[in-house]
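I opened this notebook to record what I looked up in one protein chain. The entries follow the order in which I consulted the structure.

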Amino acid sequence: MTMTDTTIRPFEVHVPDEDLADLRRRVAATQWPEKETVADQSQGVPLATMQELARYWATGYDWRRCEARLNALPQFMTAIDGLDIHFIHVRSQHEDALPLIINHGWPGSVIEQLKIIDRLTDPTAHGASAADAFHVVIPSMPGYGFSGKPASTGWGPERMGRAWAELMPRLGYTRYVAQGGDWGAFVVDQMGLQAPEGLLAIHTNMPCTVPGEVDKAAMAGDPPPAGLSAEERRA
């Protein structure tokens, strides 16, 4: 791979058995604290709940089932700005479908979005119209999932937004929309601000509209600015 390599390579997930066994061993070797002194959750998540969760991950969770779900979908790798980016790309059977790039959250992954792919790409199978169809692109953010890990600082929401604006035309999409939630919401916010050619609209399910002076005071621990209503002060 070179800095200018724009090749799109097919990708599949194959985690070695020894890595899964090692992870299970480390989960099973957790050193547990004492039981909480109350009968409710006022001191945090109860010890028994955490132990049951660890038991599930160590003995009940089937990674191979998840791996098969991922590998049943078209997955790819491509280099953007010198970093390998993993993404799922599922085209709708409806040729007039609108291309859509979806951003996952933190500390999540593209697995969060698997449940929506079929509904977006094949809406007629779910009682909707062909006019509601999307071609779906779901990238793994740098350092997440199967994308490359940045070796230096600077891969924040602004840079990710620019990377996705490079990815979509590389896939042949000259008009598209972008969606994001949680950490992905910050990425689509930046895409909206950057307004790259071809981006028609953004959708966020975590809008952040804090006035600058309020944000500054909150970050510094200062008193609220003057003139706020009771509702604004409470928020």
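The entries below cover the overall chain, the aromatic pairs and the pockets.

**Entry 1: conventions.** I noted that this is a predicted model, in which local features need pLDDT of at least 70 and side-chain atom pairs count only at pLDDT 80 or more, while totals for chains, interfaces and linings use all residues. Residues are numbered from 1 along each chain as its sequence is written, and side-chain values use heavy atoms, with hydrogens and water left out.

**Entry 2: the chain.** I found 8 helices and 7 strands in the chain; these are DSSP runs numbered from the N terminus, with helices (H or I) of at least four residues and strands (E) of at least two. The C-alpha trace spans about 60 × 60 × 45 Å along its principal axes. I recorded that 36% of the 235 residues count as buried (buried is under 20% relative accessible area, exposed is over 50%, and partly exposed is in between, with a 1.4 Å probe and protein chains only).

**Entry 3: aromatic pairs.** Rings of Phe, Tyr and Trp (its six-membered ring) pair if their centres lie within 6.5 Å; planes under 30 degrees apart are stacked, over 60 edge-to-face, and the rest tilted. Phe-11 and Phe-146 form a tilted pair, at 5.6 Å centre to centre and 45° between the planes. The two residues are 135 apart in the chain: Phe-11 is in the loop between strand S1 and helix H1, and Phe-146 is in the loop between strand S5 and helix H5. Phe-146 counts as partly exposed because its relative accessibility is 26%. I also noted a cluster in which ring pairs link Tyr-56, Trp-57 and Tyr-61.

**Entry 4: the largest pocket.** A pocket is an open set of points on a 1 Å grid over the protein atoms alone, where a 1.4 Å probe fits, with protein on both sides within 12 Å along at least five of seven lines; lining residues have an atom within 4 Å of a point. The largest pocket has a volume of about 260 Å³. Its lining includes Trp-57 and Tyr-61, and H1 gives the largest share, 4 residues.

**Entry 5: the second largest pocket.** I recorded about 220 Å³ of space here. Among the 14 lining residues, those closest to the centre are Val-214, Leu-228, Glu-232, Arg-233 and Ala-235. Helix H7 supplies the largest share of this lining, 4 residues.

Technical notes
Points joined across faces, edges and corners; volume = space filled by probe spheres on them.
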